[in-house]
Amino acid sequence: MTTATTADGPATVDTPAIEVRGLHKSFGAVEVLAGIDFTVARGEVVCVIGPSGSGKSTLLRCVNLLEEPTSGTIEVAGTEVTDPDVDIDQVRRRIGMVFQSFNLFPHLTAVQNLTLPQRRVLGRGKAEATRIAHDRLARVGLTGKESAYPAQLSGGQQQRVAIARALAMDPELMLFDEPTSALDPELVGDVLAVMRSLADEGMTMLVVTHEMSFAREVADQVVFMDGGVIVEEGTPERVIGAPSHARTRSFLSRVLNPAAAGLGEGTVPEAGGTGASEKAGK
């Protein structure tokens with residue numbers, strides 16, 4: 001059987017990219033994740049949707065231990081990242097993460113934002129890192145912007161630099177935390193187009209998003225969260241097209257038809273008012 005190398009040794013290609021079991025996370029007395037179980041297969045795109053405060057971003061941040069779980073286990077490509085003896089830096093080298101707020105170095109050009117982590121983390125030489133940086137910037141449609149500083153780029157261009165930076169590290173899977181929520185509406189399309197192309201190329205992706213059209217068109221599986229639990233999950237056709245749970249139906253009716261619900265365009269409501277407050281309000 002074909003195998004893939006993990007931090008713990010060989011793993012079969014059937015090993016899930018991400019496997020979460022019994023995940024709990026509390027901030028003080030507030031339980032944000034109240035027992036999460038789900039699996040992301042290799043090459044699969046999973047979109048996590050739900051109201052603010054439902055635990056979505058905390059779940060994503062637990063996958064690479066940016067937040068330390070209170071209890072439960074998380075495996076990434078067969079390596080248990082929640083094992084206290086694991087080399088988490090080694091695991092993180094295989095995971096690309098794109099944040100809502102871009103997190104670019106403002107004093108570095110686009111190409112320098114890509115070469116710095118390659119050289120420091122992967123030990124690549126300057127020439128190789130620069131070549132890869134130019135290639136990844138071209139991949140996200142930013143040829144000609146290599147020498148631009150973040151302040152000279154639009155929000156959508158900055159987010160595409162952030163995606164290119166993650167891709168320059170040759171990750172096995174990508175985590176996206178509301179990658180378009182900080183963008184003006186007219187800039188969202190270019191970022192989503194890059195993400196669609198990654199999905200078409202077979203990149204494993206776990207995406208926290210409020211973009212229902214993207215989830216419907218691109219996701220293999222959709223996970224709806226509320227109140228720190230998974231309310232329902234399945235194909236986009238089932239979860240978005242024909243949800244079985246009342247909380248999912250309430251959320252989607254207001255997100256997909258905000259005018260009828262008396263909400264501003266693009267507003268993501270608290271569905272049912274059951275979501276616990278997450279750290280940083282996510």
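Select M195 and show its surroundings: leaving aside neighbours within four places in sequence, M195 is in contact with I163, F176, P179, M205, V207 and F214. Contact here means heavy atoms within 4.5 Å. The model is predicted, so that local features need pLDDT of at least 70 and side-chain atom pairs count only at pLDDT 80 or more, while totals for chains, interfaces and linings use all residues. Residues are numbered from 1 along each chain as its sequence is written, and side-chain values use heavy atoms, with hydrogens and water left out.

Now widen the selection to the core. M195 is listed with L137, V161, I163, M174, F176 and M205 as the residues with the most contacts inside the largest nonpolar core, which has 49 residues. A nonpolar core is a set of buried Ala, Val, Leu, Ile, Met, Phe, Trp, Tyr and Cys residues joined through side-chain atoms within 4.5 Å. Buried means under 20% relative accessible area, exposed over 50%, and partly exposed in between, with a 1.4 Å probe and protein chains only. Helix α6, residues 185-200, gives the most to this core, with seven residues. Another core lies apart from it and has 31 residues, including L23, I36, F38 and V48.

For the overall view, show the whole protein as a cartoon: there are nine helices and twelve strands. Helices (H or I, at least four residues) and strands (E, at least two) are DSSP runs, numbered from the N terminus. Of the 282 residues in the protein, 49% are buried. Among contacts with a separation of 6 or more, 65% are between residues 24 or more positions apart.

Next, select α3 (residues 110-122) and α4 (residues 126-139). Their axes are 9 Å apart and they pack at an angle of about 130 degrees. That makes α3 oblique to α4. Axes are lines fitted to C-alpha atoms, for helices over the stretch in contact, and angles run from 0 to 180 degrees between N-to-C directions. Angles under 35 degrees count as roughly parallel, over 145 as roughly antiparallel, 65 to 115 as roughly perpendicular and the rest as oblique. The crossing of α3 past α4 is right-handed; a crossing is left-handed if the near helix is turned anticlockwise from the far one by less than a right angle, and right-handed if clockwise. Show side chains for the contact: α3 supplies A110, V111, L114, T115, Q118 and R119, and α4 supplies K126, E128, A129, T130, I132, A133, H134, R136 and L137. These residues divide into seven nonpolar, four polar and four charged. Ala, Val, Leu, Ile, Met, Phe, Trp, Tyr, Cys and Pro count as nonpolar, Asp, Glu, Lys and Arg as charged, and the others, Gly among them, as polar.

Stay here and pick G125, in the loop between α3 and α4. G125 is partly exposed, with a relative accessible area of 37%.

α4 and α5 pack at about 130 degrees, with axes 9 Å apart. That makes α4 oblique to α5. The contact is made by R136, L137 and R139 of α4 and V161, A164 and L167 of α5.

α3 passes α5 in a right-handed crossing. A110, N113, L114 and P117 of α3 meet V161, A164 and R165 of α5. By class, that contact has five nonpolar, one polar and one charged residues.

N64, between α1 (56-63) and β6 (71-76), is buried at 6% relative accessibility. Not counting residues up to four places away in sequence, N64 touches I88, R92, I95, M97 and L175.

Most residues other than glycine have a negative phi. A77 has a positive phi, near 50 degrees. Select A77 in the loop between β6 and β7 (79-80); A77 is buried at 2% relative accessibility. Phi of E178 is also positive, near 45 degrees. E178 sits in the loop between β9 (173-177) and α6, and is buried, with a relative accessible area of 12%.
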